Amino acid sequence: MATPTLKLHYYPARGGGEIARLIFAQGDISYEDDRISGDKWKAFKPNTPFEMMPVLEVDGEMIAESQAIAAYAAEIAGLRGDTPIERAQIMMVTANVHDVTLSSYHIFESDKDEATKDELKKKFREKIVKMAENQEKLLKSHGGDWFAGKKLTYADLAAFDFWDSFARHFNFTESDLKQSSSVVAAHFQRVKELPKIAAWLAKRPESQY
């Protein structure tokens, strides 16, 4: 099968585009990383399916929504699981990551003063700790190394992305993760040290979000 021409459109940030970038890196998949904002985004926006990003172009066909993009990327990268139960387990982890992430968005609403935001962030850290505890249970139920089956899948990359990119907005460090769950911290390090992931982390652009 011919390799498709891929172009990922997203802001100059990690955010909802980073999981696809991690999958493409691990799968050694060639793509164009189109980081757009300002007037370029305004011009492009009406052409997208839902007038939001990320958007992945596959031979000119547009796929929107980060979870759909990640699932497609994982499929072509060989990271979507080998059996129906593994694919369901992967979706369970990725959906939970997505749900927890979305549940924080109200904290950053512009009409809240900084003191209120700081208090809400403090409370949300408790939710993050609980997430680590739940992920530990899942990892232990599968032998401790990976979330589904006996090898890396995009569930592992989604969990890594959460701790690497999202948790930092709550000043939740790798040290905090280790205190919350040594098992999840070890999993984080395992993914971080994968050669292709390490290479991507070393070269990706710096961004605040």
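Visitor: How are helix 5 and helix 6 oriented to each other, roughly parallel or roughly antiparallel?
Guide: In this predicted model, helix 5 (residues 114-141) and helix 6 (residues 154-166) pack with their axes 12 Å apart and at an angle of about 155°. Angles over 145 degrees count as roughly antiparallel. Helix 5 is therefore, relative to helix 6, roughly antiparallel.

Visitor: Nice! How many residues of the contact of helix 5 with helix 6 are nonpolar?
Guide: Helix 5 brings Phe124, Ile128, Met131, Ala132 and Gln135 to the contact, and helix 6 brings Ala159, Phe162, Trp163 and Phe166. Among these residues none is charged and one is polar, and the nonpolar ones number eight.

Visitor: Now to Asp176: is Asp176 buried or exposed?
Guide: Asp176 sits in helix 7 (residues 174-180). Leaving aside residues up to four places away in sequence, Asp176 touches Arg125 and Asn171. Buried means under 20% relative accessible area. Asp176 has 16% relative accessibility, so Asp176 counts as buried.

Visitor: How far apart in space are Asp176 and Val129, C-alpha to C-alpha?
Guide: Along the sequence, 47 residues separate Asp176 and Val129. In space, their C-alpha to C-alpha distance is 8.6 Å.

Visitor: And which residue takes a positive phi in the hairpin of strand 3 and strand 4?
Guide: Strand 3 (residues 55-58) pairs with strand 4 (residues 61-64) in the antiparallel sense over four bridges. Within that pairing, Glu57 stands opposite Met62. The hairpin has two residues between the strands, and the one with a positive phi, near 50°, is Asp59.

Notes:
Residues numbered from 1 in each chain as written. Predicted model: local features only at pLDDT ≥ 70, side-chain atom pairs only at ≥ 80, totals over all residues. Heavy atoms only, no water. Pairing = 2+ DSSP bridges. Axes fitted to C-alpha atoms, helices over the stretch in contact; angles between N-to-C directions. Parallel < 35°, antiparallel > 145°, perpendicular 65-115°, else oblique. Contact = heavy atoms within 4.5 Å. Nonpolar A, V, L, I, M, F, W, Y, C, P; charged D, E, K, R; others polar. Buried < 20%, exposed > 50% of the residue type's maximum accessible area, 1.4 Å probe, protein only.
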